[in-house]
Amino acid sequence: MGALSSKTGWWAWSTKKKALIFGTVALIIVGLGVGLGAGLGIGLKKSGDDGNDNDDEGTGSGTNTTTPTNTTVKWQPAVGAKWQIVLKSELDDDEITTSVDAPIYDIDLFDNNKTVIADLQKMGRKVICYFSAGTYEDWREDASEFADADKGNNLDDWPGEKWLKVTSTSVRKIMQTRLDLAVTKGCDGVDPDNIDGYDNDNGLDLTEAEAIDYVNWLASQSHSRGLSLGLKNGGDIIDSVIDNMQWCVNEQCAEYDECDTYAAFIEADKPVFHIEYPKGDDTNNNKSVTTAQEKAACTANSSGNFSTVIKNMDLDNWELTLHV
């Protein structure tokens, strides 16, 4: 999953040109006669071709791409939408439990096959596919493709994981391949983690400006493939990327008293998928938490409309969904 920064938050959705999104939907309805729903009902095209001939796919140029060439976002979740996140299965057969009543599931891109994603979608759910965009993980199937020169310091408490040089052409080509995999597996959107290396001891002199460029580049690449995308934590760069995001995933903004930072997504009519870990780093079980812990998770300043869940730190199937 990656290291949790001293500044983390999981609360905000970003709107990039909501007017353009609605305008494009209108054009599709008129030109193609396709009836599109609003909010969670908007369908996501599964192919990578969205009709934009200016998409910068396959180049891995690493150039400054602050404004995606494709503004036709296929899926924009609604503020307050219920969700579930499972990045580690507690089952022997590595299957996720699908019994949580949530229309959005955030699951690992590599650990789940196309059938798992299709089955969730048959249940009427949208699927966000998680991968680390800012770190090298030595257990991933494409780990050998990363050059040593692009690897920085180890992440504290996450063995086998190192920060990545996000300006690297090679790193960006690998991320393009991962986005292609998300399309192949049928993901509705992606959750690129660890984009906040600038706020950690990364060993690569990563800067906030580089993170802004990288996140906006990821948006361009995702949108050109018909994928929606959210900002993972990265509260310091919200103002510079929110227009290109469809949501935010935030961890522990209540614990660190920074949920007001992520409220910008709610103001932009984009959801904040918010996680709190009141059991701590080492306790992962199916036991509930106290009423006080529940209250603390969902009554933090500015967090009233967040899509809040309480999870175990290992992000297994256990979840307590909170709605206020």
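Q: Is L315 buried or exposed?
A: In this predicted model, L315 is buried, with a relative accessible area of 1%.

Q: What about the phi of L315?
A: The phi angle of L315 is positive, about 55°, although the residue is not a glycine. As background, most residues other than glycine have a negative phi.

Q: Which other residue has a positive phi without being glycine?
A: S302 is one, with phi near 70°. S302 sits in the loop between α7 (291–298) and β11 (307–311).

Q: How accessible is S302?
A: S302 has 40% relative accessibility and therefore counts as partly exposed.

Q: What share of the residues is buried?
A: Of the 324 residues in the protein, 56% are buried.

Q: And the surface, what does the accessible area come to?
A: The accessible surface of the protein is about 13000 Å², and carbon and sulfur atoms account for 47% of that area.

Q: What share of the contacts joins residues at least 24 apart?
A: The share is 74%, taken among contacts between residues at least 6 apart in sequence.

Q: How far apart are W75 and S228, in sequence and in space?
A: W75 and S228 are separated by 153 residues in sequence, while their C-alpha atoms are 6.0 Å apart. W75 belongs to the loop between α1 (18–32) and β1 (84–86). W75 counts as buried because its relative accessibility is 0%.

Q: Now charges. How many salt bridges are counted?
A: The count comes to 10 salt bridges. In general, side chains of opposite charge can pair when their charged atoms come close.

Q: What is the N to O distance for D108 and R140?
A: The side chains of D108 and R140 meet in a salt bridge at 2.8 Å, N to O. D108 is in strand β2 (residues 104–108) and R140 is in the loop between β4 (135–137) and β5 (151–154), so the pair ties together parts that are 32 residues apart in sequence.

Q: Are D108 and R140 buried or exposed?
A: D108 is buried at 2% relative accessibility, and R140 is buried at 8%.

Q: Which residues are in the network with D108 and R140?
A: D108, D111, E137 and R140 are linked in a network of salt bridges.

Q: What does R178 pair with?
A: R178 forms a salt bridge with D142, and the closest N and O atoms are 2.8 Å apart. R178 lies in helix α3 (residues 169–185) and D142 in the loop between β4 and β5, so this pair ties together parts 36 residues apart in sequence. R178 is buried at a relative accessible area of 2%, and D142 is buried at 8%.

Q: Where do D180 and R225 sit?
A: The side chains of D180 and R225 meet in a salt bridge of 2.7 Å, N to O. This pair links distant parts of the chain: D180 is in helix α3, whereas R225 is in the loop between α4 (208–224) and β8 (228–232), 45 residues apart. D180 is partly exposed, with a relative accessible area of 34%, while R225 is buried at 2%.

Q: Which residues form the negative surface patch?
A: The patch is formed by D156, D157, D201, E255, D281 and D282. E255 is found in the loop between β9 (247–251) and α6 (259–267). At 48% relative accessibility, E255 counts as partly exposed.

Q: Last one: what does K114 touch?
A: Leaving aside residues up to four places away in sequence, K114 touches T184 and K185. K114 is located in helix α2 (residues 114–122) and is exposed, with a relative accessible area of 52%. K114 and A182 are 68 residues apart in sequence, with their C-alpha atoms 9.3 Å apart in space.

Technical notes. Residues numbered from 1 in each chain as written. Predicted model: local features only at pLDDT ≥ 70, side-chain atom pairs only at ≥ 80, totals over all residues. Heavy atoms only, no water. Buried < 20%, exposed > 50% of the residue type's maximum accessible area, 1.4 Å probe, protein only. Contact = heavy atoms within 4.5 Å. Areas by Shrake-Rupley, 256 points an atom, 1.4 Å probe, with all protein chains shown as cover. Patch = residues over 30% accessible without salt bridge, like charges linked within 9 Å, V, L, I, M, F, W, Y side chains within 5 Å. Salt bridge = Lys/Arg side-chain N within 4 Å of Asp/Glu carboxyl O. Lys, Arg positive; Asp, Glu negative; His and termini not counted. Charge placed at Lys NZ, Arg CZ, Asp CG, Glu CD. Helix = DSSP H or I, 4+ residues; strand = E, 2+ residues; numbered from the N terminus.
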